[in-house]
Amino acid sequence: MNLTRRRGAIAFFITLGVCLTALLVTLNITWIFHNSRRLAIDLVGIIFFAIIIAGVVLNTVFLVREIRRNERQDSFLNAVTHELKTPIASLRLYLETMQRRTIDEEQRQKFYTIMRADTDRLLSTVELVLKAGELGQRARDQQRKRIELHPLAADCIQTVLRRHHLPADAITLADIPGGVRLFVFGNAEDLRTAILNLLDNAVKYSPNGVHITCRLQIEHYTWVTLSVTDTGLGIPSRELKRIFKRFYRASSTDLVKIKGTGLGLFLVNTIAHQHGGTVRATSEGPGKGSTMLFKLPLAIGDGSPAPPQQS
């Protein structure tokens with residue numbers, strides 16, 4: 001119901017802006033036609049007319065953007081509420097069951113495992129929200145050091161495999177040709193957050209089976225790119241850039257509803273830019289999977305980042 005009202009409001013403001021602009025154009029043309037002999041007055045009128053038109057257009061654009069921003073924020077609050085409420089309700093249910101009924105040790109251990117997974121999910125959601133607020137206030141060079149990417153990516157893969165209870169071959173990390181060690185200069189905690197979010201996103205959008213391939217590659221001798229390729233739902237071309245905006249969530253299909261807060265890829269994008277890099281998405285379309293390309297400057301010599309020569 002709220003979504004319908006907001007879309008109606010957007011349509012109303014757009015229609016209002018178009019109507020006002022058309023009315024102003026009509027009045028201005030009529031005024032010029034009836035006062036065509038006074039050139040100076042005509043010029044002044046045209047200037048004021050242009051200012052009024054610009055004001056109407058800017059006002060309409062601003063109102064529509066505010067409505068859409070509020071819509072994204074409400075969607076985020078609803079998603080976070082759901083992500084918090086679901087594990088809490090599950091924990092409460094298992095605790096009440098253990099309190100009211102006598103259960104054997106095997107069942108008790110099973111309950112403990114489920115409750116542990118619920119607390120991990122709860123903690124992950126809270127940390128995601130806190131990290132989104134923290135990154136915008138942190139100094140760029142705080143706690144930077146030389147970090148080797150391959151071991152970090154491998155450790156993140158193991159974390160995601162455990163978190164989602166996946167088999168070992170669900171996510172693979174290709175070896176670097178020649179055994180080259182690739183280092184970047186950055187904050188280890190932030191880079192771990194970025195890689196974990198890329199992997200979690202790939203798992204989340206692979207509802208029919210997780211098959212993810214990760215690779216580290218050198219570009220132009222001064223950049224290293226971590227690619228995360230999945231065979232999941234894919235991304236429509238119109239959303240390839242939007243998915244990195246705060247609170248934005250890629251469209252779900254009618255058969256598959258994807259949960260999330262809309263912060264994961266926003267964090268990845270923020271962390272990439274704070275480290276002098278970029279992140280972008282590629283996809284051949286819905287149902288054909290997608291690839292996330294996380295690009296950072298290589299650390300050379302004493303660990304200083306390579307000079308920016310990005311093409």
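**Strand β6**

I looked up strand β6 (residues 278–282) and found its side chains alternating. Val279 and Ala281 point to one face and are buried. Buried means under 20% relative accessible area, exposed means over 50%, and partly exposed lies in between (1.4 Å probe, protein chains only). In a regular strand, side chains alternate between the two faces of the sheet.

I note the basis here: the model is predicted, local features need pLDDT of at least 70, side-chain atom pairs count only at pLDDT 80 or more, and totals for chains, interfaces and linings use all residues. Residues are numbered from 1 along each chain as its sequence is written, and side-chain values use heavy atoms, with hydrogens and water left out.

Next I checked the partner of β6. Strand β7 (residues 290–297) pairs with β6 in the antiparallel sense, over five bridges. Two strands pair if DSSP finds at least two bridges between them. Thr278 stands opposite Lys295 in β7. Helices (H or I, at least four residues) and strands (E, at least two) are DSSP runs, numbered from the N terminus.

I then took Leu296, which is found in strand β7. Leu296 counts as buried because its relative accessibility is 2%. Leu296 and Ala272 are 24 residues apart in sequence. Their C-alpha atoms are 7.0 Å apart in space.

How many residues of α6 are buried? I read ten of its eleven, so to speak a mostly covered element. Gly276 follows α6 and has a positive phi, near 75°.

**Positive phi outside glycine**

I looked at two histidines. His165 is not a glycine, yet its phi is positive, about 55°. The place of His165 is in the loop between α4 (149–163) and β2. At 61% relative accessibility, His165 counts as exposed.

His220 also has a positive phi, near 55°, and is a residue other than glycine. His220 sits in the loop between β4 (212–219) and β5. Is His220 buried or partly exposed? I have it as partly exposed, because its relative accessibility is 47%.

**Val180**

I located Val180 in the loop between β2 (171–173) and β3 (183–186). Val180 is partly exposed, with a relative accessible area of 39%. Val180 and Ile218 are 38 residues apart in sequence and 9.9 Å apart in space, C-alpha to C-alpha.

**Surface patches**

I finished with the patches. They are made of residues with over 30% relative accessible area and no salt bridge; like charges are joined within 9 Å, and nonpolar side chains (Val, Leu, Ile, Met, Phe, Trp, Tyr) within 5 Å. A salt bridge is a side-chain nitrogen of Lys or Arg within 4 Å of a carboxyl oxygen of Asp or Glu.

Which residues form the positive patch? I list Arg65, Arg238, Arg242 and Lys245. Arg238 lies in the loop between β5 (223–230) and α6 (264–274). Arg238 counts as exposed, at 55% relative accessibility.

Ile47, Phe48 and Ile51 make a nonpolar surface patch of about 330 Å². The place of Phe48 is in helix α2 (residues 39–100). Phe48 counts as exposed because its relative accessibility is 52%.

Conventions:
Accessible areas come from the Shrake-Rupley method with a 1.4 Å probe; for residues, only the protein chains shown count as cover. Lys and Arg count as positive and Asp and Glu as negative; His and the chain ends are not counted. The place of a charge is taken as NZ of Lys, CZ of Arg, CG of Asp or CD of Glu.
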